[in-house]
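Please keep the sequence and the structure in view while reading.

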Amino acid sequence: MSTYTHITTWMVASRQEALLARHLRIEQTDLLLGLLAQGGSVAQTLGEAGATLAGARRAAADLDDADLAQAGITGSARLRPARLPAASTTALSTADLDWAPDAEEILFERKGRVRSDRQALEVMLQDGRAPATRLLQALGVDVAALRERLAHADAPSSTRAVPVALAPEHRRQGMEHARRCSHFISAPADLVRGLLSDPDRLGQWWWRNDAEVLETGVRHAVVEHRHRRRSVRMRYLLSQSADGGLAWREEALTVRYAGVLVSVRELRAQETAGGTLLHLTLVTRSLGPLGRLTAPLARLWVAMGMRHQLLLVAALVADETTG
């Protein structure tokens with residue numbers, strides 16, 4: 001994972017976790033939850049040690065209650081506002097959250113030492129009384145053994161969205177670009193597949209919830225997306241392979257490109273130690289002269305969008321695990 005990818009996705013994931021918990025600012029515990037949601041090598045290491053995103057959320061709330069009780073404040077669990085459900089509209093919220101001083105110090109003042117998710121966790125665990133250390137201890141993680149493992153770990157594998165070769169089928173359909181990235185999720189693969197194959201939940205991780213869903217079925221959805229004064233109607237079709245792979249085809253139904261295949265998202269959930277390794281391949285095309293002209297810049301936005309969609313999937317799965 002490049003430094004830019006690590007920093008940007010970590011900030012987005014940490015802010016998302018703070019928003020979902022209704023925090024007024026981003027705390028150090030949100031930074032740890034962000035690392036778990038980020039889905040990189042550290043998330044997988046923590047998952048193998050038994051630290052899941054859902055479990056860490058519960059442990060963070062329990063530690064807050066215990067700290068308040070020790071200060072003589074009881075009943076905080078009953079007063080705590082309910083968590084927000086993970087959804088694209090929450091992730092795209094324009095709410096302005098400040099950074100708590102300890103979180104700001106780690107993310108900004110030590111930026112040169114947190115160029116990867118592994119370095120970020122090492123910094124967060126330097127203080128035995130720090131919130132991240134306490135949180136992992138509450139989850140039963142041997143923090144000393146974890147520090148040792150991080151110190152001797154191999155270089156983290158890349159989770160960037162990287163270009164891959166187009167499949168012949170996609171090339172025949174007029175598609176032009178394909179990118180792939182992987183994301184670790186601390187939950188069973190069947191749970192991940194179930195969420196991703198549900199047409200009624202596409203709006204939670206793909207498009208904004210304020211899009212109008214016109215029709216859904218077992219394997220399809222028709223949606224009208226509105227932007228300012230324009231609206232575009234799209235159809236989403238699901239196919240499943242014999243080995244459990246999923247593919248969502250996105251087709252235009254209105255305007256000049258009606259009937260054109262716009263994108264394909266191929267998703268493969270692979271069981272691994274501690275959870276699931278989710279592989280996303282996004283296949284796209286450029287539409288019209290303007291689309292071809294802006295294609296290089298658009299591909300950068302597409303790559304970041306893929307990462308943000310996977311962050312949402314991790315948050316949604318954690319919601320499911322929490323029940």
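## A hairpin of two strands

Strands β5 and β6 form a hairpin, with three residues between them. The model described here is a predicted one. Strand β5 covers residues 212-216 and strand β6 covers residues 220-227, and the two pair in the antiparallel sense over four bridges. In this pairing, V213 has V223 of β6 as its bridge partner.

E212 and R226 meet in a salt bridge, at 2.7 Å from N to O. This pair links distant parts of the chain, since E212 belongs to strand β5 and R226 to strand β6, 14 residues apart. E212 counts as partly exposed, at 33% relative accessibility, whereas R226 is exposed, with a relative accessible area of 54%.

## Further salt bridges

R226 also meets the side chain of E224 in a salt bridge, with an N to O distance of 3.4 Å. How exposed or buried is E224? With a relative accessible area of 13%, E224 is buried, because residues under 20% are placed in that class.

Another salt bridge is formed by D127 and R129, whose closest N and O atoms are 3.9 Å apart. The pair still qualifies because the cut-off for a salt bridge is 4 Å. D127 is partly exposed, its relative accessible area being 37%, while R129 counts as exposed at 71% relative accessibility. A search of the whole structure finds 15 salt bridges. In general terms, side chains of opposite charge can pair when their charged atoms come close.

## Aromatic rings

A pair of aromatic rings is described by the distance of the centres and the angle of the planes. How many aromatic pairs does the structure hold? The structure holds three aromatic pairs. In the pair of W99 and F108, the ring centres lie 5.6 Å apart and the planes stand at 90°, so the arrangement is edge-to-face. The angle decides this class because planes over 60 degrees apart count as edge-to-face. F108 itself is partly exposed, with a relative accessible area of 37%.

Ring pairs also link W205, W206 and Y236 into a cluster.

## The setting of I7

I7 is placed in helix α1, which comprises residues 3-20. The relative accessible area of I7 is 8%, so this residue is buried. I7 and F108 are 101 residues apart along the chain, and their C-alpha atoms are separated by 9.8 Å.

## The protein as a whole

Which secondary structure elements does the protein contain? There are 15 helices and ten strands. The protein has 323 residues, of which 47% count as buried.

Contacts across the sequence complete the description. Among the contacts with a separation of 6 or more, 61% are accounted for by residues 24 or more positions apart.

Notes:
Residues are numbered from 1 along each chain as its sequence is written. This is a predicted model: local features need pLDDT of at least 70, side-chain atom pairs count only at pLDDT 80 or more; totals for chains, interfaces and linings use all residues. Side-chain values use heavy atoms; hydrogens and water are left out. Two strands pair if DSSP finds at least two bridges between them. Rings of Phe, Tyr and Trp (its six-membered ring) pair if their centres lie within 6.5 Å; planes under 30 degrees apart count as stacked, over 60 as edge-to-face and the rest as tilted. Buried means under 20% relative accessible area, exposed over 50%, partly exposed in between (1.4 Å probe, protein chains only). Contact means heavy atoms within 4.5 Å.
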